[in-house]
Amino acid sequence: MSIITLTPLASGSKGNANLLTWGKNQDKHLLIDCGIRIKAIEKTLLMQGLEATQLSAIIVTHAHADHISGVAPLARKYNIPTFMTKGTAKFADLKGVPLAHYGIDQPFELEGLHIHPFTVPHDARETAAFTFHETETPDKKMGYLTDCGHITPHIETMLTGVQALAVEANHCRDMLMNGPYPYSLKKRVSGDLGHLSNEQTAQLLGKLSQALKKVHLLHLSEENNCPIKAKNICFKALNNPKAEMVVAMQNNPAPPLTLKGI
Ligand SMILES: [Zn+2]
Ligand SMILES: [Zn+2]
């Protein structure tokens with residue numbers, strides 16, 4: 001049986017990194033983003049029983065520091081092929097990094113894994129989200145979506161039918177508006193090119209609930225969200241008491257989001 005797992009190693013505005021594992025023997029691995037220090041990622045990978053040399057690739061969503069700051073040091077040290085859009089590459093120091101570009105809405109294959117990048121509205125050039133499935137099982141799909149200002153019809157189309165989803169639930173709108181951020185930052189975070197609120201994420205989950213059985217909530221703001229609040233509103237939207245939901249945290253790896261194939 002093929003299984004895809006996604007393990008959030010770090011999640012939040014201080015740094016993001018996610019480990020994706022696939023293959024019949026669960027022997028293929030890549031990182032989605034690396035916005036934490038090289039020592040921290042090495043240590044966290046070891047906690048998962050892995051060394052960085054076992055990574056087939058790093059896939060980068062966009063050029064914000066909380067997603068990319070650790071990418072170049074890690075890729076250089078271990079010579080890891082690193083995939084990003086040209087728009088992202090423009091804003092990063094990538095000297096010595098084995099670089100490959102992917103195009104938005106141009107799916108590609110990596111060692112039996114089908115990766116479909118799609119565009120999301122965010123204030124970084126060519127920001128991407130993804131769906132993943134094993135090449136042999138196209139109907140068993142996982143989605144990954146963070147750093148997204150609002151849900152577009154295209155995002156809904158791309159995520160329709162996913163059985164497992166890792167998705168941003170960045171802030172509670174009330175906590176953000178009544179919280180400590182300066183007005184300009186509140187506007188940025190809640191804006192059309194900012195981040196998804198619990199309410200926006202819940203609305204998306206409601207639309208995907210027919211196929212969706214497992215959800216990980218990512219990129220929660222430590223200042224402007226409450227994990228229990230986020231989970232309550234998002235779980236309710238799934239309208240399925242048997243659904244599974246995990247909230248990923250900033251400083252500790254979360255349990256994996258698991259999608260079983262055939
Ligand atoms: Zn971010
Ligand atoms: Zn961002």
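Reply: Gln-26 sits in the loop that joins strand 2 (17–22) to strand 3 (28–34). The model is predicted. Phi of Gln-26 is near 55°, a positive value, and the residue is not a glycine. Most residues other than glycine have a negative phi. Is Gln-26 buried or exposed? Gln-26 has 12 C-beta neighbours inside 10 Å, so it counts as exposed. The cut-off for exposed is 12 or fewer.

Asn-239 also deserves a look. Its phi is near 55°, again positive in a residue other than glycine. Asn-239 lies in the loop between helix 9 and strand 13 (244–247). With 11 C-beta neighbours inside 10 Å, Asn-239 counts as exposed.

Helix 9 (residues 227–238) packs against helix 8 (residues 198–208). Their axes are 7 Å apart, at an angle of about 20°. Angles under 35 degrees count as roughly parallel, and helix 8 and helix 9 are therefore roughly parallel to each other. The crossing of helix 8 past helix 9 is right-handed. On the helix 8 side, the contact residues are Asn-198, Glu-199, Thr-201, Ala-202, Gln-203, Leu-205 and Gly-206. Helix 9 answers with Lys-229, Ala-230, Ile-233, Cys-234, Ala-237 and Leu-238. By class, this contact holds seven nonpolar, four polar and two charged residues.

Ala-89 is in helix 4 (residues 86–89). It has 19 C-beta neighbours inside 10 Å, so Ala-89 counts as partly exposed. A residue is buried at 20 or more. Beyond its neighbours within four places in sequence, Ala-89 is in contact with Met-84, Leu-94, Leu-99 and His-101. His-219 is 130 residues from Ala-89 along the chain, and their C-alpha atoms are separated by 22 Å.

Now the whole chain. It has nine helices and 14 strands. Its radius of gyration is 17 Å, close to the 18 Å that the globule rule gives for 262 residues, so the chain is as compact as a globular protein of that length. Along the principal axes, the C-alpha atoms fill a box of roughly 45 × 40 × 35 Å. Of the 262 residues, 48% are buried. Among contacts with a separation of 6 or more, 62% link residues 24 or more positions apart.

Terms used: Residues numbered from 1 in each chain as written. Chains lettered and ligands numbered in written order. Predicted model: local features only at pLDDT ≥ 70, side-chain atom pairs only at ≥ 80, totals over all residues. Helix = DSSP H or I, 4+ residues; strand = E, 2+ residues; numbered from the N terminus. Rg over C-alpha atoms; globule rule 2.2 N^0.38 Å. Contact = placed C-beta atoms within 7 Å. Axes fitted to C-alpha atoms, helices over the stretch in contact; angles between N-to-C directions. Parallel < 35°, antiparallel > 145°, perpendicular 65-115°, else oblique. Left-handed = near helix turned anticlockwise from the far one by under 90°. Nonpolar A, V, L, I, M, F, W, Y, C, P; charged D, E, K, R; others polar.
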